Amino acid sequence: TPRFFAASIRLSADFSPKPLKGFPGNGYHINMRACADSGEQILPNAIAGVLKHISECTVFLNPKVESYDRLGEGSAPRYVTWSKDHRNQLIRIPPAKGTHHYAQLRSPDANSNPYLANALLIEAALEGIVNKYELQAPTNTDPEDGEGVFEVLPLTLKEARLKASESEFLSRVLNPSVTDCYIK
């Protein structure tokens, strides 16, 4: 494993969200694909559903104080945006050939519970598909350049907990005992 290899050459491996200030942190991408049997293009609706609920779900994707040290640093996302071209957005749609299009959510870190994270993303995506949410225009520039006004992801664990506690979406999707573990 990486930790044992690192130890064998007198290094240590740390997969926490932000082990060293001033250096890139550790996160992971969740790849999402949405296809309709009819051939209808539903991925944009799914992405729109995820973008609508991402801020209130952030506490489940980034559940530790250290998680928020990483968000917005370097190439880690800070804004609720998407793009096909710009790699630093929250959701990126990588180039693909044919019908193999998918989206990458770039905010989660290894402290998240993958079962909860995927359940929430599936529910948000399904809501977007069922209600035919329209996907906003892509953000093909760096939001830090000041071009446009963008929703910001929660910047602290406290802020993420507050957003989750006010969420009607989460109260519909999760058992209150699960939500309480994350927001109290």
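Reply: A crossing of two helices is called left-handed if the near helix is turned anticlockwise from the far one by less than a right angle, and right-handed if clockwise. Helices (H or I, at least four residues) and strands (E, at least two) are DSSP runs, numbered from the N terminus. This is a predicted model, in which local features need pLDDT of at least 70 and side-chain atom pairs count only at pLDDT 80 or more, while totals for chains, interfaces and linings use all residues. Residues are numbered from 1 along each chain as its sequence is written, and side-chain values use heavy atoms, with hydrogens and water left out.

The axes of helix α2 (residues 43-61) and helix α5 (residues 157-165) come within 8 Å and cross at roughly 120°, where axes are lines fitted to C-alpha atoms, for helices over the stretch in contact, and angles run from 0 to 180 degrees between N-to-C directions. Angles under 35 degrees count as roughly parallel, over 145 as roughly antiparallel, 65 to 115 as roughly perpendicular and the rest as oblique, and α2 and α5 are therefore oblique to each other. Their crossing is left-handed.

On the α2 side, S55, E56 and V59 meet L157, A160, R161, K163 and A164 of α5, contact meaning heavy atoms within 4.5 Å. These contact residues comprise four nonpolar, one polar and three charged, with Ala, Val, Leu, Ile, Met, Phe, Trp, Tyr, Cys and Pro counted as nonpolar, Asp, Glu, Lys and Arg as charged, and the others, Gly among them, as polar.
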